[in-house]
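Subject: Structure for your study

Dear colleague,

Please find below the structure that I am handing over to you.

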Amino acid sequence: MKNPNIARVLRYYRKLNERSVEDVSKHLDSKNMPAATKTIYAWENGTTQPSADTLMELCSYYQIDNILETFGYDVIVEEEKNSFPLSVEEQKIIKAYRKKTSMQDAVKRLLDVE
């Protein structure tokens, strides 16, 4: 059964990770999972979907840790009931924060979290 979130998530995380479709194609080729750029575009517009193995490799490449939740599956593990879930936007901000180590002190002062 097709998951309509797969296309949206793959496109979003490719761009979030600043990867081109050509980068993704080369990466998959290096993992013996060849995919032409037109195939990747088809995944991202929902025409087709990658195999489960390819999807797992893309999740690894895009650093998607919580796969089920990211793709819209409601899985509540007992330990996660009390967790503090982050939206995709919040995840993007945190990743940007981690990349800009020289700005972290200024961000902490701005948010008054020192």
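At what angle do α2 and α3 pack, and how far apart are their axes? The angle is about 110°, and the axes of α2 and α3 are 9 Å apart. Axes here are lines fitted to C-alpha atoms, for helices over the stretch in contact, and angles run from 0 to 180 degrees between N-to-C directions.

Before going further, please note that this is a predicted model, in which local features need pLDDT of at least 70 and side-chain atom pairs count only at pLDDT 80 or more, while totals for chains, interfaces and linings use all residues. Residues are numbered from 1 along each chain as its sequence is written, and side-chain values use heavy atoms, with hydrogens and water left out.

**The chain as a whole**

The secondary structure comes to seven helices and zero strands. Helices (H or I, at least four residues) and strands (E, at least two) are DSSP runs, numbered from the N terminus. Of the 114 residues of the chain, 27% count as buried; buried means under 20% relative accessible area, exposed over 50%, and partly exposed in between (1.4 Å probe, protein chains only). Among contacts in the chain with a separation of 6 or more, 58% come from residues 24 or more positions apart, where contact means heavy atoms within 4.5 Å.

**The pair α2 and α3**

Because of their angle, α2 and α3 are roughly perpendicular to each other. Angles under 35 degrees count as roughly parallel, over 145 as roughly antiparallel, 65 to 115 as roughly perpendicular and the rest as oblique. V21, E22, V24, S25 and L28 of α2 make the contact with T37, I40, Y41 and W43 of α3. These residues divide into six nonpolar, two polar and one charged. In this division, Ala, Val, Leu, Ile, Met, Phe, Trp, Tyr, Cys and Pro count as nonpolar, Asp, Glu, Lys and Arg as charged, and the others, Gly among them, as polar.

K26 also belongs to helix α2. With a relative accessible area of 59%, K26 is exposed. The C-alpha atoms of K26 and T37 are separated by 9.3 Å, and the two residues are eleven apart along the chain.

Helix α1 has twelve residues (5-16), which at 1.5 Å a residue should span 16 Å, and its end C-alpha atoms are 16 Å apart, in agreement. The expected span is 1.5 Å times one less than the number of residues. The buried residues of α1 include I6, V9 and Y13. What covers the buried residues of α1 includes α2 (21-30), α3 (37-45), α4 (52-61), α5 (67-70) and α6 (88-99).

α1 packs with α3 at an angle of about 120°, the axes being 6 Å apart; α1 and α3 are therefore oblique to each other. A7, L10, R11 and R14 of α1 and W43, E44 and N45 of α3 make this contact, which divides into three nonpolar, one polar and three charged residues.

**Residues with a positive phi**

Most residues other than glycine have a negative phi. Just after α1, E18 takes a positive phi of about 55°. N32, in the loop between α2 and α3, has a positive phi near 60°. N32 counts as exposed, at 70% relative accessibility. Q63, in the loop between α4 and α5, also has a positive phi near 60°.

Yours sincerely
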